[in-house]
Amino acid sequence: CYTSLKQYKKALQHHLKSKEIAERFNSPYQLARAYNNIANIYKLLSQYDKAFSHLYQAVNLFTQTDNQSGLSYSLIILGDLEISLKRFEKGLEYYERAYRIQVKIGDLLEQHRIYLRKADVQFRKGKYQKSLDMYRQMKKALERSDLNYRDPSVIPYHLAVALSGIGNNHFRLSQNRKALAVYFRALEINNRINAYINAIKNHNDIGKTFMAIGDYQLSLNHLQKGSNLASRYGLINRQVECMASLTDLYKLQSNYEKALQSFEKTILLRETIFNEQKNQQIEALRMDYEVQGKEQQITYLKNRAQLKNLQKNSLFLFLLLGFIMIAVSFLRFIQKVKLHKKLQSQKQLLEQAYADLQTLNKKAISLERKNTALAMAVTANHEIKQPLTILLGNFDLLTSQIELSTLNQKAQNHIVKIRKSISKMTEILDKYKETEEFTIEDYDKDKKILIFKEE
């Protein structure tokens with residue numbers, strides 16, 4: 001629930017608690033599921049190294065317990081991660097392993113889902129004809145499927161995905177009429193089963209296809225429908241896609257005023273997405289600090305419990321040796337030496353744990369300062385970039401209405417200098433928006449300055 005609400009911190013806390021309980025009761029299956037869930041959170045936060053680490057542990061546990069269904073699920077997530085990093089061949093290897101497992105199990109729906117992923121990878125690689133053939137094969141399989149599920153929308157949903165994939169490949173192959181036919185069928189299915197996210201994409205794809213054909217009015221109708229749906233459901237990414245297509249359409253119609261308006265709205269939406277991503281990254285850093293702090297605390301408490309147990313054992317041993325007297329004096333001496341070594345070892349562990357906690361505290365303070373500095377830099381970038389973008393758009397609109405040849409050379413030089421200056425400011429802001437590596441150095445007396453690392 002917390003994951004669907006994008007409250008990743010709370011979701012991670014519950015998954016970590018589940019992992020701790022599974023470890024306590026020695027349940028490999030539940031522990032592997034916890035690793036999968038934790039990896040999924042790190043994947044959503046774009047912390048791919050940690051996601052891979054937890055998935056590898058899940059794969060090992062599912063392999064040890066011969067849980068083929070769980071192993072297949074972990075392999076699919078691993079494939080998704082590799083595809084996100086554009087490592088297509090590695091991703092296909094994981095998909096193929098998962099597919100072979102599902103064939104052995106006999107789960108046709110999971111086979112269909114994996115096959116659709118493989119077809120999408122071929123599309124991303126630019127192998128449109130191969131991707132088209134795979135989507136067509138899956139479409140036929142889904143249309144003649146007699147599988148019954150509790151949710152009657154399962155088969156239609158995947159059929160609509162296959163149809164959209166077919167349309168995308170037709171569009172890439174400049175087969176626009178064929179693309180429109182399957183896009184409209186996919187849209188009808190998505191509207192029927194209330195799959196509004198996919199329906200928005202269908203409207204955008206149909207709008208772009210009509211634009212390519214030259215039917216601008218129908219293109220405008222579908223792009224506006226897609227944008228309105230995305231705005232209604234708060235799907236900013238989908239709305240950005242539709243607004244970008246509307247900008248292209250208005251440019252083709254030479255309606256530069258509306259093109260500028262839609263472009264400005266696209267910029268604002270993208271800035272909103274950028275701010276959300278930065279907030280997620282900052283939240284991820286805080287989560288890392290809290291998780292590491294809890295792990296250190298657990299280690300400290302375990303060492304403390306071990307020390308108390310040793311102290312109890314030493315007291316009991318001392319009382320026992322007091323009654324045995326001289327006959328066991330040598331044995332008592334040996335036991336005391338051993339106990340002393342153990343206490344020294346535990347003391348060293350406690351001292352190391354304390355030192356680690358102090359180091360972690362210093363890192364946390366430094367991290368908070370850097371987070372604050374980064375947040376201020378992002379805010380400043382946003383506040384400057386927005387009016388600068390509007391200035392550039394209006395300047396381009398102004399110059400497009402002026403016949404430059406009627407101006408003298410001095411005036412033309414001024415226009416060129418203004419355009420270069422605006423472009424230079426935009427390049428500087430873009431460069432510092434992309435980088436996340438910086439240092440804080442002394443500038444003048446008690447003033448500090450951010451030094452960003454350049455590529």
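Which hand, left or right, does the crossing of α9 and α10 have? In this predicted model, the crossing of the two helices, α9 and α10, is left-handed. Helix α9 covers residues 176-192 and helix α10 residues 196-213; their axes lie 9 Å apart and the helices pack at an angle of about 160°. Because angles over 145 degrees count as roughly antiparallel, α9 and α10 are assigned to that class.

On the α9 side, the contact with α10 is made by Asn176, Arg177, Ala179, Leu180, Tyr183, Phe184, Ala186, Leu187, Asn190 and Asn191. Their counterparts in α10 are Asn198, Ala199, Asn202, His203, Asp205, Ile206, Thr209, Phe210, Ala212 and Ile213. By class, eleven residues of this contact are nonpolar, seven are polar and two are charged.

Helix α9 and helix α10 are also among the elements that cover the buried residues of α11, as is α12 (236-252). The buried residues of α11 are Ser219, Leu220, His222, Leu223, Gly226, Ser227, Leu229 and Ala230. Helix α11 runs over residues 216-232, and its 17 residues should span 24 Å at 1.5 Å a residue; the end C-alpha atoms are 24 Å apart, so the two values agree. Just after α11, Gly234 adopts a positive phi of about 70°.

For the chain as a whole, 15 helices and two strands are assigned. Of its 455 residues, 36% count as buried. Among contacts in the chain with a separation of 6 or more, 56% are between residues 24 or more positions apart.

Methods: Residues numbered from 1 in each chain as written. Predicted model: local features only at pLDDT ≥ 70, side-chain atom pairs only at ≥ 80, totals over all residues. Heavy atoms only, no water. Axes fitted to C-alpha atoms, helices over the stretch in contact; angles between N-to-C directions. Helix = DSSP H or I, 4+ residues; strand = E, 2+ residues; numbered from the N terminus. Parallel < 35°, antiparallel > 145°, perpendicular 65-115°, else oblique. Left-handed = near helix turned anticlockwise from the far one by under 90°. Contact = heavy atoms within 4.5 Å. Nonpolar A, V, L, I, M, F, W, Y, C, P; charged D, E, K, R; others polar. Expected span 1.5 Å × (residues − 1). Buried < 20%, exposed > 50% of the residue type's maximum accessible area, 1.4 Å probe, protein only.
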